[in-house]
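Please open the structure in a viewer and keep the selection tool at hand.

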Amino acid sequence: MNPSTALATVVVDELVQGGVREAVLSPGSRNAPLAFALHEADRLGQLRLHVRIDERSAGFLALGLSKASGRPVPVVTTSGTAAVNLHPAVVEAEYSRVGLVAITADRPTELREVGANQTIRQVGLYGRSVAYGDDLSVDNRATVGRWRTAVDQALARAQWGPVHLNIAFRDPLVPDGDPDWPEPLDAPPAEPRIERGADTAEGYAAVETGPRTVVVAGDQALADARGLAEVGGWPLLAEPSSGHRAGPNAMLAYRLLLEHLSDDVQRVVVAGRPTLSRPVTRLLARGDVEVRRLPDKRRRIQARGDIDRDWLDRWQRADRRAWVAIASVLAHEPLSGLAVARRVASLLPADGLLVAGSSSAIRDLDLADPWVTAPMVLANRGASGIDGTVSTAVGAALAHSGPAYALMGDLTFLHDSNGLVLGPGEPRPDLTIVVVNDDGGGLFGLLEQGAPEHAAVFERVFGTPHGVDLESLCAATGTPHRVVRGLDDLSDEVSRSPEGIRVVEVRTDRSRTRDLHAMLRAAVDEALR
C-alpha cells in the first residue's frame, strides 16, 4: 500500500473509532487518498458521506451536522484556496463551540514555499480559531500509532471547538492495489485513546434569592436557565436559540419590557451567550446591576431563599398586556417578516428543528410566543454572520430525527444558494425552508442608517435590492418552490410533512419595517403606561 493510501486509511479509521458518524468531502486531487478512504467507510456503513462541490457550503454543512448531532464532524478539502473557504465555518464553530474538524490536504514539505501549484501556507491557516492543530505526513508521522494519536487528540479537543488536521500527501494519490505496509494498519495509537469528556458535573450550582433578578438565556445555553427561573420565581429573558424559551416564566416581549421594567432590576443571571438584544446588552453593562454568569455546564441550578412572587407577577402582567398590544398591531398590518416568524414558531412541533437566519429571522422569532416545550432552534450566533445558513440547515436537518424547518431572509438565502446544489446520490433531508423575501436588507432599515435623513444613500448600499426570481433559482437546482400569499397559506405549507428540500417564499414590503417596529414600541408603551 502506498504511503498516502495508508495514511488516509488510518486517519479515516481512527475518526470512526473516535465516534465520527458523518463526514463531508469536497472534491479535489490532493485529497484523493481521503476521498477513497471515506467512500469505502461509507460503503461499509461506518459513516455517512456527504459530497459538496463548494468548500464554503461544505464547511457549514458539517457545522449543521455537528450542531444537531452533538458529535464532531470532519470536512475534507484539497489544498490551496479550497482550505481557505472553510474559514468562515471554522470561525462560527469557534464562537459557538462546535466540533468542526477541518481536514485539509497539502503538498509534501519540499514543495511548500517554492511556488508549487495550488500550494499556500496551510499550517496554522485558521490561527487561534482552532482548539488544536497538527501537520501530518508520511515523513513526520511515520508510524501508524502516531497518526492515530494525532486524530485522537483532535477529536478530544473538538469538544471545545473546531480543530485542524493538515495532511501532506505524496504521489501516488490513488490506491495501487498493493496491500502491504511495514506495520499493521490496525496498530493502536501511540498513546491511549482520550475519552471525550462527558458534561456531567455533579452537584448543583446555587443562586441566592433576594435581589430583584432576571435570568437571561443566550444562544445554546447549557445551564438550566428555565429551571432556575422557575424555582427562583424570576422572569426568563430567553433568546429563541437558547433552548430555554418555554414555560410560564419566559417573557414574550422582554426586549420591549426592558424599556419599562429594567430600572428595578438588581441582578442578572446569565446562561449562554446573549447576542440579540440591545436592551439586554445595556442592562448587562450597567454598573449598578450585579451580573452573575452560570458555568457552561449541563447541570441543574438551585435557588436558595424566599421567592418574591410580586416581582414575577409584575413581569407576567406586563408581558400579557404587551402581547395583546403586539397582536393588535400585527392584525391590522400587511404581511411582515415578524408575522411570518410568529406563525412559523407557533406551528413548530416539540420534536421539530428550526434553523434561523442570523439577521432579521432570529430577531423576529424573538417576538414570538414561548413554547410549552422548546423545540431545537439553531442559529449561527457565534459570529452572527448570514453566510452558510442554507447549508447549516441542510446539515442540521440531516442529523435531526424529527421534522425540520428553516427561516431566513432573501439575502441570507441568496448568500448560500449553493447549499441547494446536491448531487443525485447524496443524502437529502426533509427540510422546509421559509424565505421572507423583501428584496433586500430589511434589518438595516431598523438601524441608524435606516433613518429618514439617510434615505438618499440607504437603498443602494444598505437596502441592496437584487431583483432575483427565487422560483427560477430553485428550478435550476430542481428544488420545489411555492409562493404563499398570506399567513393561512403559510400555515398550510408549514404544516405539511416535509418531503425532501423545498422552499416556501413569502413576499413582503420592507419599506414599512421601520414604521411597523415603531408602532409596536408605541403600542407596548401605551399598554404599560
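**First stop: Asp135**

Select Asp135, which counts as buried because its relative accessibility is 17%, below the 20% limit used for that term. The model on display is a predicted one. Asp135 belongs to strand 5. Display its side chain together with that of Asn166: the two side chains make a polar contact of 3.1 Å.

As background, strands of a sheet pair through backbone hydrogen bonds, in either a parallel or an antiparallel manner.

Now select strand 1 (residues 22–25) and strand 2. They run parallel and are joined by 4 bridges. Which residue of strand 2 is the bridge partner of Val24? The partner is His50.

Remain on strand 1 and show its side chains. Glu22 and Val24 point one way, while Ala23 and Leu25 point the other way, and all are buried. In a regular strand, side chains alternate between the two faces of the sheet.

Select helix 6 (residues 144–157) next.

The axes of helix 1 and helix 6 come within 9 Å and cross at roughly 40°. That angle makes helix 1 oblique to helix 6. The crossing of helix 1 and helix 6 is right-handed. To view the contact itself, colour Ala6, Leu7, Val10, Val11, Asp13, Glu14, Leu15 and Gln17 in helix 1, which meet Val144, Trp147, Arg148, Val151, Asp152 and Leu155 in helix 6.

Select Pro189, in the loop between strand 6 and strand 7 (205–208). Is Pro189 buried or exposed? It counts as buried, because its relative accessibility is 14%. Leaving aside residues up to four places away in sequence, Pro189 touches Glu14, Gly145, Arg148 and Thr149. Among these, Glu14 and Arg148 also take part in the contact between helix 1 and helix 6.

Pro172 is located in the loop between strand 6 and strand 7 as well. Select Asp171 with Pro172: a cis peptide bond joins them, with omega about 0°. For context, most peptide bonds are trans, and most residues other than glycine have a negative phi.

**Helix 3 and helix 5**

Move to helix 3 (residues 55–69) and helix 5 (residues 87–96). They pack at an angle of about 25°, with their axes 8 Å apart. Helix 3 and helix 5 are therefore roughly parallel to each other. At their contact, Arg56, Gly59, Phe60, Leu63 and Lys67 in helix 3 meet Pro88, Ala89, Glu92, Ala93 and Ser96 in helix 5.

Val215 stands opposite Leu236 in strand 9.

**Helix 11**

Select helix 11 (residues 337–347), which is mostly covered: 8 of its 11 residues are buried. The buried residues include Leu338, Val340, Arg342 and Val344.

**Two positive phi values**

Select Ser384, in the loop between strand 14 (376–379) and helix 13 (389–399). Its phi is near 60°, a positive value in a residue other than glycine. Ser384 is partly exposed, with a relative accessible area of 29%.

Finish at Thr464, in the loop between helix 15 (455–463) and helix 16 (470–476). The phi of Thr464 is positive too, near 40°. With a relative accessible area of 29%, Thr464 is partly exposed.

Conventions:
Residues are numbered from 1 along each chain as its sequence is written. This is a predicted model: local features need pLDDT of at least 70, side-chain atom pairs count only at pLDDT 80 or more; totals for chains, interfaces and linings use all residues. Side-chain values use heavy atoms; hydrogens and water are left out. Two strands pair if DSSP finds at least two bridges between them. Buried means under 20% relative accessible area, exposed over 50%, partly exposed in between (1.4 Å probe, protein chains only). A polar contact is a pair of N or O atoms within 3.5 Å; within protein, one must be able to donate a hydrogen and the other to accept it, and residues adjacent in sequence count only if both atoms are side-chain atoms. Axes are lines fitted to C-alpha atoms, for helices over the stretch in contact, and angles run from 0 to 180 degrees between N-to-C directions. Angles under 35 degrees count as roughly parallel, over 145 as roughly antiparallel, 65 to 115 as roughly perpendicular and the rest as oblique. A crossing is left-handed if the near helix is turned anticlockwise from the far one by less than a right angle, and right-handed if clockwise. Contact means heavy atoms within 4.5 Å.
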